[in-house]
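Trainee: I would like to go through this model and ask what stands behind each label.
Mentor: Good. Have it in view first.

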Amino acid sequence: MTLEKPVHPAGVLRHPRAALALLSLAQLLIALDATIVFVALDAMGQQLQLDARHLQWVISGYSVAFGGCLLLGGRCADLLGQRRMYVAAMALFGLASFAGGFAHLTWQLVAARAGQGVAAALLFPATLSMINTLYAAGAERNRALAVWSMASAGGLAAGALLGGLLTQTLGWNWVLWVLVPIAWPCAIAAGRYLPAMPAVPAAQRRFDLLGCISVTVGASALVAVLVQGPQWGWGDLRTASLLVLALAALGLFWRTEARVAAPLMPLAMLRVGSLQTSMLLAMLFMSSYGVQYYFLGLYFQQVLGWSPLQAGLAFVLPTAVCTWGIRLAERGLAQQGTRSVLLRGWAAGVLGMVWIAAVLPLAGNYAWLVPGFVVMSLGQGASWTGMWVLVGQGIAPARQGVASGVAATAQQVGAALGLALLVMLAAAPLAGLEGASAETLRQANAQGLQHAQWGAAGLALLAWLVCLRMAKPQAQSRTDAQPAGEGSGACA
C-alpha cells in the first residue's frame with residue numbers, strides 16, 4: 001500500500017509508512033482498551049471484592065474521562081502541536097496502564113481507568129487531525145484513513161479475544177499491563193518518525209480557560225448521567241444533580257464561546273454542514289454498531305453459556321469482514337464519493353442487524369449468525385471510514401483538532417445514550433420475574449437482548465435517513481476534492 005506525495009505545513013513527510021503506522025497504532029490502542037477490560041470484570045470483582053456498582057465504574061471511569069476531555073484534547077493539539085500531544089498522551093496511557101495493573105483498592109483501579117480515558121482523549125484528536133493535515137485530501141487521505149480504520153477494527157477484536165486469553169492464563173492485571181509495551185515505544189518513536197507539527201507561538205497562544213473547564217465538567221457530567229442513569233434510576237437525586245450540573249456547565253460554555261476573543265470551539269464550526277452530519281452519524285454509529293460487542297457478548301455468555309474466550313472468538317469473523325469493508329470503502333470513496341459510501345454502508349448495517357435480531361433464538365448454531373455478521377460488518381467498515389472522512393471537510397487546518405474532538409465527543413455521548421436506551425429495552429422482559437426459575441430468566445434475558453438488537457437496527461435506519469439528506473453526488477464530489485479548510489464553510 002503506497003502513499004503518494006504528502007502535504008503538510010512543515011514540509012515533506014519523510015517517513016510516510018512509519019508515520020501512518022504510529023497513527024494507526026494509536027487508534028488500535030484506543031480500540032483495544034475499549035474492549036479488553038469487559039471479559040476481565042468478573043475476575044477483577046472476585047480478586048478485589050468489587051460489587052456490581054464498583055465494577056460499573058471500572059468501565060464508566062474510562063468513558064466519563066474520555067468523553068469529557070475530548071474538546072480539551074483537540075484544542076491542545078491545535079495550540080501545542082499534534083506530535084507533542086501524541087507523545088504526552090502515549091506516555092500517560094502507558095503510565096496509567098502500568099499503575100492500574102498493580103491496583104489492590106477500588107479507587108486505584110478506577111483512577112487508572114480514568115487516566116487511560118484522559119490519555120485517549122488527548123490522543124484521538126491529535127491522531128485524526130494529523131491524518132487530515134499530513135495527507136492530501138482525496139485518494140491519499142482516504143487511504144490513510146482506511147489503514148487507521150483497519151487498526152481500529154483489529155483493536156476491537158483483539159481486545160475481546162486477548163482479554164479472555166490473558167484473564168484465563170495470566171490474570172486480570174495483564175489486560176492493563178499489555179498496553180504498556182505499545183504505548184511507551186510509540187511515544188519514543190514519534191520523535192523520529194512523526195513531523196514536528198507547527199504549534200501556535202507562545203506569545204499568540206490564548207487558552208480559553210473558562211471554556212475548557214466548563215465544557216470538560218459539562219461533558220463529563222452528561223456522560224456520567226447517561227452511563228449511570230439506568231443503574232441509579234432516572235428519578236434519583238444523584239442523577240438529577242448531575243444533569244443540572246451538566247446543563248449549567250454546558251450553558252456557561254456556550255455563553256463563554258460566544259463572547260471570548262479566542263474561543264475553545266468557535267460556534268461557527270457547528271454551522272459547517274459536514275461537521276453537523278458527522279456528529280449525528282458518530283452518535284448513531286456508537287448507538288447501533290458500537291453496542292454489538294456488549295449485547296452479543298452478553299447473549300453468548302449469559303444465554304448460551306459460552307466462556308469469555310469462546311465469546312471473544314465469535315467476534316473474529318465480523319472483525320475480519322469489517323476490515324474488508326474498510327478496503328472496499330476506500331475504493332468507493334474514490335469512485336462514488338462519501339455520500340454513496342455512507343448510504344451503502346448504513347443500508348448494509350440495517351440489513352445485517354435485522355438478520356441477527358431475527359435469528360438470535362437460533363444462535364446456538366453459530367452458522368445462523370454468519371450471514372448477518374458478514375453484511376453488518378461490511379456496512380460497519382464503510383460507515384466508519386466514510387464518517388471520519390466527512391469530519392475534516394470544510395474545516396481549516398488550525399481547527400482540525402477541535403473538529404476531531406467535537407465529533408469524538410458526539411461519539412461518546414452516542415455510546416452512552418444508545419447503551420442506556422437499549423439496556424432499558426433489554427431489561428423490560430425481566431421486570432416482575434424476581435424468584436422465577438433459571439430457565440424462565442434465561443428465556444426472558446434472551447428476549448430482552450433480541451429487543452435491544454431490534455432497537456440497534458432502528459437506530460441504524462435513522463442514520464441511513466440522515467445520509468439520504470446529504471448533498472447530492474455532484475456537490476459531494478466537489479467537496480471531496482477540496483483540502484480541509486478550503487470549502488465555502490471553512491472556519492478560521
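**Labels and their grounds**

Mentor: Start with Thr133, which is placed in helix α5 (residues 106–134). Keep in mind that the model is predicted.

Trainee: Why is Thr133 called buried?
Mentor: Its relative accessibility is 11%. The cut-off for buried is under 20%. Therefore Thr133 counts as buried.

Trainee: Which backbone atom lies 2.7 Å from a polar atom of the Thr133 side chain?
Mentor: The backbone oxygen of Ser129.

Trainee: How do you know how far the prediction can be trusted?
Mentor: By pLDDT, the predictor's confidence in each residue. The chain averages 82, and 90% of the residues score at least 70. Over residues 1–11 the pLDDT is below 50, and this stretch has 30 contacts in the model beyond near neighbours in sequence. Residues 474–492 also have a pLDDT below 50, with 36 such contacts. Where pLDDT is low, the predicted coordinates should not be read in detail.

Trainee: What makes up the secondary structure of the chain?
Mentor: It comes to 19 helices and zero strands. Of the 492 residues, 57% are buried. Take contacts with a separation of 6 or more: residues 24 or more positions apart account for 83% of them.

Trainee: What makes Glu330 and Arg143 a salt bridge?
Mentor: Their closest N and O atoms are 3.4 Å apart. The rule asks for a side-chain nitrogen of Lys or Arg within 4 Å of a carboxyl oxygen of Asp or Glu. The pair therefore qualifies. Glu330 lies in helix α14 (residues 316–335) and Arg143 in helix α6 (residues 139–169), so the pair ties together parts 187 residues apart in sequence. Both Glu330 and Arg143 are buried.

Trainee: How do you know that Glu330 is buried?
Mentor: Its relative accessibility is 13%. That is set against the cut-off of under 20%. So Glu330 counts as buried.

Trainee: Why is the link between Glu330 and Arg327 a salt bridge?
Mentor: The closest N and O atoms are 3.9 Å apart. The limit is within 4 Å, so the pair passes. Glu330 and Arg327 are three residues apart in helix α14, which means about one helical turn separates them. Arg327 has a relative accessible area of 33%, so it is partly exposed.

Trainee: Which residues are linked in a network of salt bridges?
Mentor: Arg143, Arg327 and Glu330. By this rule the count comes to five salt bridges. Among them is Glu439 with Arg442, at 3.0 Å from N to O. These two are three residues apart in helix α18 (residues 438–468), so about one helical turn separates them.

Trainee: Why is Glu439 called partly exposed?
Mentor: Its relative accessibility is 37%. Exposed needs over 50%, and buried needs under 20%. Glu439 therefore counts as partly exposed. Arg442 is partly exposed too, with a relative accessible area of 33%.

Trainee: Which residues form a nonpolar patch on the surface?
Mentor: Leu95, Phe98, Phe102 and Trp184, with about 410 Å² of accessible area together. Leu95 sits in helix α4 (residues 82–100).

Trainee: What makes Leu95 partly exposed?
Mentor: Its relative accessible area is 49%.

Definitions and conventions:
Residues numbered from 1 in each chain as written. Predicted model: local features only at pLDDT ≥ 70, side-chain atom pairs only at ≥ 80, totals over all residues. Heavy atoms only, no water. Helix = DSSP H or I, 4+ residues; strand = E, 2+ residues; numbered from the N terminus. Buried < 20%, exposed > 50% of the residue type's maximum accessible area, 1.4 Å probe, protein only. Contact = heavy atoms within 4.5 Å. pLDDT = per-residue confidence, 0-100. Polar contact = N/O pair within 3.5 Å; in protein donor to acceptor, adjacent residues only side chain to side chain. Patch = residues over 30% accessible without salt bridge, like charges linked within 9 Å, V, L, I, M, F, W, Y side chains within 5 Å. Areas by Shrake-Rupley, 256 points an atom, 1.4 Å probe, with all protein chains shown as cover.
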